[in-house]
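Here's a walk through one protein model, from the overall picture down to a few individual residues. Have the sequence and the structure open side by side as you read.

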Amino acid sequence: MFPRPLTPLAAPNGAEPLGRALRRAPLGRARAGLGGPPLLLPSMLMFGVIVASSGLLLMIERGILAEMKPLPLHPPSREGAAWRGTVPKSGGLSLDSGDSDLQVRQDVRNRTLRAVCGQPGMPRDPWDLPVGQRRTLLRHILVSDRYRFLYCYVPKVACSNWKRVLKVLAGVLDSVDVRLKMDHHSDLVFLADLRPEEIRYRLQHYFKFLFVRDPLERLLSAYRNKFGEIREYQQRYGAEIVKRYRAGAGPSPAGDDVTFPEFLRYLVDEDPERMNEHWMPVYHLCQPCAVRYDFVGSYERLEADANQVLEWVRAPPHVRFPARQAWYRPASPESLHYHLCSAPWSLLQDVLPKYILDFSLFAYPLPNVTREACHQ
């Protein structure tokens, strides 16, 4: 039922254990933007995040958290409330007490976020961020003034369907089932469109949420979609990746046959803060320390979490989250396992540190790519 603890994984014969490699490796070459100082978490802090997450998940498996008083998980009242502090219970906006899985997952994420974001030097507000990071954040938070909520969209985590829901709530679309090509910008309001005082008011008083997904599964989904189906991405990114990482590629590759290891090599050399949004870490997209989200939903239980959010914001009963299309085949754990086991071990050691906060903050296990697991 629950993810396994984030314990260091065994490596193939002669290789360095993955947990040790993650503690040793830097978090990429991220810069604060506009000449600001680097905003990299110290390696010991990253190690502390992993250990904290491991401990929490282990406590869950042993039933210890059942004895601890859970944090309030329902959204704040219309007048606002302190981050995950005491919230009035009026209005019926609370988690279903029978959904213990959801309550435990939210408790783990809340406690881990609070522990990490409480560290000295971590941002407490979007205006604590360098200009470039703040711009990215505000461009990814959608606004519903009618229903008083903010949604930070994460590409490859059902964001197209959430945008469709927002358009229905705004009266732009009649139904979430309308078959139209999604325009990802028209008829939508982003925090970046508003004045600073308007942004601050909404951050203080609106219900704020985002949805997350296993970081590597999200990367595989982006790889399959963008390099397997979208000509624009093949030409803009694929051709450059092939030229850069494939021996004898020639001067003008099509970019439509990028391999997954080539894509991972490209990510190793990319600055996380300057990545394309489809593979930028969630931490950089949504800044969960600078924005105090009231709810973090999971792609793994998308429909249930999404409809819970719609109930919380008092959406009309006829507005529901769109069902997954019958033809859609998401990246599966089995497919991810195959691709990871086919990639060089050293490459995974270099890629994982760039997404370590996504693993730790949102309680996702590190991949098991031991020799034994890959030959099962």
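Contact here means heavy atoms within 4.5 Å. With that in hand, take the contacts in this protein between residues at least 6 apart in sequence: 72% of them join residues at least 24 apart. Keep in mind that you're looking at a predicted model.

On to the overall inventory. The protein has 15 helices and four strands. Of its 376 residues, 54% are buried.

Now for the inside. In soluble globular proteins, nonpolar side chains tend to be buried together. In this model, the largest nonpolar core counts 99 residues, and the members that touch the most others are W162, F263 and W279. Once you set aside its neighbours within four places in sequence, W162 is in contact with Y151, F209, F211, A306, V309, L310 and F321.

Next, a pair of helices. How do α7 and α12 cross? Helix α7 covers residues 215-229 and helix α12 covers residues 333-342; their axes come within 10 Å and cross at roughly 85 degrees. Angles from 65 to 115 degrees count as roughly perpendicular, so α7 is roughly perpendicular to α12. On the α7 side, the contact is made by L216, E217, L220, Y223 and R224, while α12 brings P333, S335, L336, H339 and L340. Sort the residues of this contact by type and you get six nonpolar, two polar and two charged.

Finally, a couple of backbone details to check. Most residues other than glycine have a negative phi. K156 has a positive one, near 75 degrees. You'll find K156 in the loop between β2 (149-152) and α5 (159-169). Is this lysine, K156, buried or exposed? The cut-off for buried is under 20% relative accessible area, so K156, at 17% relative accessibility, counts as buried.

A363 is another non-glycine residue with a positive phi, in this case near 60 degrees. Look for A363 in the loop between α14 (356-361) and α15 (371-374). With a relative accessible area of 8%, A363 is buried.

Conventions
Residues are numbered from 1 along each chain as its sequence is written. This is a predicted model: local features need pLDDT of at least 70, side-chain atom pairs count only at pLDDT 80 or more; totals for chains, interfaces and linings use all residues. Side-chain values use heavy atoms; hydrogens and water are left out. A nonpolar core is a set of buried Ala, Val, Leu, Ile, Met, Phe, Trp, Tyr and Cys residues joined through side-chain atoms within 4.5 Å. Buried means under 20% relative accessible area, exposed over 50%, partly exposed in between (1.4 Å probe, protein chains only). Axes are lines fitted to C-alpha atoms, for helices over the stretch in contact, and angles run from 0 to 180 degrees between N-to-C directions. Helices (H or I, at least four residues) and strands (E, at least two) are DSSP runs, numbered from the N terminus. Angles under 35 degrees count as roughly parallel, over 145 as roughly antiparallel, 65 to 115 as roughly perpendicular and the rest as oblique. Ala, Val, Leu, Ile, Met, Phe, Trp, Tyr, Cys and Pro count as nonpolar, Asp, Glu, Lys and Arg as charged, and the others, Gly among them, as polar.
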